[in-house]
Amino acid sequence: MKISVSAILLILAVAGLSRMPAADQAPEEIAFFEKSIRPLLAKHCYKCHSAAKGEDKGGLMLDTQAGWMDGGDSGPALIPGKISGSLIIEAVEQQDPDFAMPPKYKLSTSEISHLRQWVEMGAPDPRNGKPSKSVSSSIDIAAGRKFWSFRPVKAPPIPETKNTGWVNDPIDRFILAKQADKGVVPVADADRAMLIRRATYDLVGLPPTPEEIRAFINDPASDREAFAGVVDRLLASRHFGERWGRHWLDIVRYGESMGRTRNYPFPFAWKYRDYVIAALNKDKPYNRFVTEQLAGDLLPAKDDGQSDEHHVATGFLALGSMDLNERDREKFKLDVIDDQIDVTGRAFMALTTGCARCHDHKFDPIPTTDYYAMAGIFGSTSTLSGYGNRQGGGNKLNPSVLISLSDQGGEKPAVVKSSRPGGKEVKLQRQLTNLKKEESKLVEGLKEFRKPGQGGKARTSSATAAPLTPQRAQQRIKQIKAQVKRLQKQISKLANARKGGGAVDGNVAMGVCDAEKVSNCKVRIRGDADNHGAEVARGVPQVLTNGEQPQLPPDSSGRLELARWMSDASHPMTARVMVNRVWHHLFGSGIVRTVDNFGESGERPSHPQLLDHLAVRFTGEMGWSVKKLIRAVMLSHSYRLASQYRESNHAADPDNTLFWRANVRRLEAEALRDAIMLVAGTLELEPAKGSLVQKLKAGEIGKDGGGPSLNAFAHRSVYLPIVRNYVPEFLQVFDFAEPASVIGRRDITTVSTQALYLLNDQFVIGQSRAAAARLLKDKQLAGEEERISGAYLLALGRPPSGGELAQARGYLETASDEGQSGEEALGAMIQALFASAEFRYAL
């Protein structure tokens with residue numbers, strides 16, 4: 001028997017992937033399975049396909065990885081990475097009524113989408129071994145507290161080092177000590193031109209100006225003193241909050257629309273964005289920053305302005321991407337709670353608490369009861385995003401589920417309604433009237449045909465200009481009725497939007513407040529909303545306490561107590577996690593590289609003592625000041641190193657986990673766009689007011705029109721509208737963070753589409769021409785060589801080498817001979833600089 005090559009490859013693929021151990025699966029993939037797939041399987045499939053229920057209909061078991069890979073009577077349930085050929089997808093999409101699962105109903109659109117996404121990503125599944133029946137938790141909390149990130153933070157002894165002259169900060173002693181253990185020696189320092197470029201991008205997300213570069217290079221002070229002046233200037237810039245605010249928005253899954261199945265806009269999400277930027281510029285203590293986002297509505301305020309600020313901060317909890325098509329109110333509420341538990345755990349503690357919704361956490365000492373203890377806190381909270389589920393009015397923005405701010409004496413929010421039809425509605429009404437008139441004439445014509453002696457006489461229809469027979473008249477009437485039905489539907493939709501679905505006007509915001517009823521939450525067996533277990537007292541994960549829970553008031557949700565517990569200096573994770581996030585953004589990789597996962601499935605710290613040293617300083621002498629933390633790290637000698645390669649170091653530490661050189665880092669999408677526009681002189685540096693999302697018409701994005709137009713938008717990229725599923729193209733091409741997920745570390749890809757975009761996109765071409773026009777108008781640049789040097793200095797932060805200058809002159813001369821204008825030729829040269837690796841990377 002012959003077997004095709006494709007069949008052999010398929011067998012090998014299934015065999016190889018079916019037994020992939022959990023340790024080889026990415027943490028974010030496992031988190032997706034635990035959050036979206038396991039609950040789905042438990043709710044819809046286990047009844048007929050699990051050992052716990054004693055059912056294996058069709059020979060198929062779905063409660064283990066081995067079960068679905070071994071498959072049933074029809075073969076493997078799915079092929080990892082391939083939608084076509086995966087029987088489970090074919091079954092749930094129910095194209096064939098004889099092969100439809102579940103047999104009595106169909107999964108929701110979002111559930112099918114999750115299954116497809118799971119299969120496409122390779123069907124990650126941490127469930128090893130044979131199916132087992134549900135048992136009570138066997139997690140040893142006391143033993144769990146011994147894990148490195150769950151232990152209390154303590155100040156470690158500062159290492160001794162021989163090279164004391166190299167040390168600028170105790171940070172350097174920890175770095176040198178680790179390097180010495182491995183026989184690694186740090187490389188030389190970056191030169192001043194490279195250092196100011198790196199620091200300026202790191203702190204404000206923009207390239208330094210030629211004047212700033214010259215001032216730093218010519219500063220007679222020592223390198224350390226001169227660089228301290230640069231760092232202090234940049235930390236004081238209002239652009240600091242725009243740069244570091246965007247880092248935080250990645251973490252809190254910031255988006256300006258709902259996403260998922262009904263992508264309605266969040267026209268007031270920008271207020272939370274502006275709160276974050278302002279908080280970082282003011283250097284709001286991080287413990288206060290945490291508390292305001294979790295429980296700002298429960299904090300006292302000195303005036304209306306501060307009260308508004310506190311309420312806007314709670315938008316952190318209201319920005320989740322929910323399935324508005326979910327009909328089950330209880331399921332919808334539990335999904336909102338799950339999003340809040342997940343983002344709170346990962347943003348502040350780098351802990352995947354959401355993985356304990358359906359079962360005890362598979363890696364960390366978090367029993368299901370701890371998940372539902374936190375669920376009681378958020379379940380006693382009302383989420384005010386402007387929308388509810390499908391049964392709860394989720395089809396339009398509702399001002400009653402938004403926060404009314406003080407307005408500083410202004411008016412309360414209201415829905416803006418129009419009593420008069422708009423132009424489109426009037427036009428459709430006119431068409432409808434004309435069609436009905438034509439229908440009446442045709443009906444009258446048919447009556448004439450039926451009169452004695454008239455049957456054989458054909459008439460002419462004004463609509464068709466063809467002889468009118470009874471058959472043609474009836475056919476035309478049928479067409480008109482269909483058109484009338486279509487027009488009436490369109491008119492009705494426009495009228496409904498005019499009467500009840502208009503834009504909300506007034507000073508309102510997204511956020512949360514305590515619910516009218518405060519109560520504990522019952523465990524949901526296997527995450528099933530309808531399968532209730534024991535009630536659990538509200539509380540926090542046990543492993544992060546000393547055995548005593550925070551005291552929660554009976555008449556309040558407990559969010560304020562949760563926030564105070566989490567922002568206390570004694571908390572084992574909060575300071576460590578933030579210190580690590582700062583280090584990641586300044587060095588290109590964290591001390592813990594899995595910045596959103598400090599649990600068992602995450603990586604271990606490369607410098608655990610350094611992490612604790614910085615955490616102690618952060619909560620102590622620095623007073624939770626993010627700016628002081630950043631300043632200390634940047635003024636260390638370790639930050640100032642060049643990125644040069646050294647063979648002996650690379651042999652001992654190929655991944656640079658010991659930080660013996662600077663990591664070469666690709667600029668983020670926002671920094672690239674802003675840098676291109678700054679070089680061109682087209683960037684508006686004043687903050688944008690509000691968001692372009694406010695200008696979108698009420699209704700579902702995509703169905704009633706796409707994202708907002710960006711043609712005339714010249715502000716910094718942090719102010720671009722982040723509409724889920726409609727992220728601006730430039731940001732998508734250069735690895736923007738998924739706005740529905742917690743992303744502390746963005747993916748970094750190098751693909752052909754990026755090069756093609758920089759070479760062909762009209763935005764890049766237009767900005768290159770604008771940069772050329774700017775240089776040609778600059779009267780201080782007397783000739784061609786000075787303009788070439790000016791382009792290099794603006795784009796790359798350095799003058800061209802002799803070879804580069806000669807090459808550029810040769811190109812401009814050739815372009816001129818071929819008939820190109822000076823602006824076209826110089827613009828093409830600048831575009832080549834924009835497309836260069838040196839422009840795209842901070843060295």
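Contact here means heavy atoms within 4.5 Å. This is a predicted model, in which local features need pLDDT of at least 70 and side-chain atom pairs count only at pLDDT 80 or more, while totals for chains, interfaces and linings use all residues. Residues are numbered from 1 along each chain as its sequence is written, and side-chain values use heavy atoms, with hydrogens and water left out. The chain has 31 helices and 14 strands, where helices (H or I, at least four residues) and strands (E, at least two) are DSSP runs numbered from the N terminus. Of its 843 residues, 53% are buried; buried means under 20% relative accessible area, exposed over 50%, and partly exposed in between, with a 1.4 Å probe and protein chains only.

**Nonpolar cores**

- F227 touches L195, A199, F216, M634, L635, Y639 and R640, when residues up to four places away in sequence are not counted.
- F227 is also one of the residues that touch the most other members in the largest nonpolar core, which has 175 residues, and L203, Y272, Y286, W583 and I630 share that position; a nonpolar core is a set of buried Ala, Val, Leu, Ile, Met, Phe, Trp, Tyr and Cys residues joined through side-chain atoms within 4.5 Å.
- Helix α15 (residues 329–349) supplies the largest share of this core, namely nine residues.
- Another core lies apart from it and holds 24 residues, among them W68, I88, I112 and A123.

**Contacts across the sequence**

- Among contacts in the chain between residues at least 6 apart in sequence, 70% join residues at least 24 apart.
- D250 is buried, with a relative accessible area of 6%, and, leaving aside neighbours within four places in sequence, D250 is in contact with A737, S741, V742, I743 and R746.
- G766 lies in helix α27 (residues 762–777) and is partly exposed at 35% relative accessible area; G766 and Q831 are 65 residues apart in sequence and 9.4 Å apart in space, C-alpha to C-alpha.

**A helix pair**

- The axes of helix α13 (residues 286–295) and helix α19 (residues 559–566) come within 9 Å and cross at roughly 160°, where axes are lines fitted to C-alpha atoms, for helices over the stretch in contact, and angles run from 0 to 180 degrees between N-to-C directions.
- The two helices, α13 and α19, are therefore roughly antiparallel to each other, since angles over 145 degrees count as roughly antiparallel, under 35 as roughly parallel, 65 to 115 as roughly perpendicular and the rest as oblique.
- T291, L294 and A295 of α13 make the contact with R559, L560, A563 and M566 of α19.

**Cysteines**

- A search of the whole structure finds zero disulfides, a disulfide being a pair of cysteine sulfur atoms within 2.5 Å.
- C48 is in no disulfide, and the nearest cysteine sulfur, that of C45, is 8.7 Å away; C48 is partly exposed, with a relative accessible area of 24%.
- C358 is likewise in no disulfide, with the nearest cysteine sulfur, that of C355, 9.6 Å away, and C358 counts as buried at 10% relative accessibility.

**Positive phi in a loop**

- R253, in the loop between α11 and α12 (270–281), has a phi near 50°, a positive value in a residue other than glycine, and counts as buried at 2% relative accessibility.
- R260 is found in the loop between α11 and α12 and has a positive phi of about 55° although it is not a glycine; R260 is partly exposed, with a relative accessible area of 35%.
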